[in-house]
Amino acid sequence: GLCGAFGAVSGVAFLVLKNVGWHWLIIIVSLPAVPALILILALPESPRFLCVSGQQEKAMKAVRTMAKLNRRELQKDIRMACFNDEKLGSYTKILNEDNRKSTIALSVMYFCNIFIEFGLIVWLPLMYSANMCGAAQSPQHKCQSLTQDDLLKLTIATGGSLLGTTAAVILAQRIGRLLPLRVANFIMMLSIATLFVCVNESFPFATTIIAKIVEGAVNTIIWIMIPESFPTCIRSTATGFINSCGKIGGVFGTACVYLLFYVSPYSALIPLL
């Protein structure tokens, strides 16, 4: 799903922007929100949440709804054995002594990775439109159109996440999680640091491809590690908490890069390190 999303968005963006403009791009990428909203309204509450919060009848009803959607039949006299724990969905469970280390480590890593991901997404088109390599002064704060060559470079660079995601899945199965994660983080930091060097116009393009590849790899390995790091009873709570940290990182990454770029394009890279 992740690979398909990266490939589809990159390819669709290039083709739509090239032929019909950005207005249609916004419309097309917004269309999935319609069926998503319908599905959210039709989605039953989590049976586990209902069960542990003492709402056994509602939990059983949600299970039967899910069985119906999956075209399965349940016995009429089936019952659920629920273990009531009002604190089970609380963040105190994932921040207690047993799980605090994993929660904080994965939250910080995911925050930083999404910070870098969104920061690069904002930085790349600004870099192409400003022709920053070799520029004698900071670019002016004004709206500028990207050329077709710039859009193609942006598509290729963003598509690097496909390769990183695929490589991460293979390496995580073959040699484990931590080693690929550490190596990918080191390469990402090194590739971003090399963006401070202006060799020619092609050099930042090649470097950002590498950065996007390893960024995609880091993101994938983190998501492999999250469900493996927590017991089943608090896994969903931990996943939601860590994911929210990543969303916050995306907001900060976008804002930092955009605000700093017009001070100096290279100063916008400092937070990404």
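Predicted model: local features only at pLDDT ≥ 70, side-chain atom pairs only at ≥ 80, totals over all residues.
On the H10 side the contact is formed by Trp 223, Ile 226 and Pro 227, and on the H11 side by Arg 235, Thr 239, Ile 242 and Asn 243. Sorted by class, the contact of H10 with H11 has four nonpolar, two polar and one charged residues.

Helix H9 (residues 178–194) also packs against H10, at an angle of about 155 degrees and with the axes 8 Å apart. H9 and H10 are therefore roughly antiparallel to each other, and their crossing is left-handed. Residues making this contact include Leu 181, Ala 184, Met 188 and Ile 192 of H9, and Ile 210, Val 214, Glu 215 and Ile 221 of H10. The contact of H9 with H10 has 16 nonpolar, four polar and one charged residues.

| Helix pair | Axis separation | Angle |
|---|---|---|
| H9 and H10 | 8 Å | about 155 degrees |

Asn 99 sits in the loop between helix H6 (91–94) and helix H7 (100–130). With a relative accessibility of 10%, Asn 99 counts as buried, since the cut-off for buried is under 20%. A polar atom of the Asn 99 side chain lies 3.2 Å from the backbone oxygen of Lys 93. Leaving aside residues up to four places away in sequence, Asn 99 touches Lys 93, Ile 94, Phe 230, Pro 231 and Ile 234.

Technical notes. Residues numbered from 1 in each chain as written. Heavy atoms only, no water. Contact = heavy atoms within 4.5 Å. Helix = DSSP H or I, 4+ residues; strand = E, 2+ residues; numbered from the N terminus. Nonpolar A, V, L, I, M, F, W, Y, C, P; charged D, E, K, R; others polar. Axes fitted to C-alpha atoms, helices over the stretch in contact; angles between N-to-C directions. Parallel < 35°, antiparallel > 145°, perpendicular 65-115°, else oblique. Left-handed = near helix turned anticlockwise from the far one by under 90°. Buried < 20%, exposed > 50% of the residue type's maximum accessible area, 1.4 Å probe, protein only. Polar contact = N/O pair within 3.5 Å; in protein donor to acceptor, adjacent residues only side chain to side chain.
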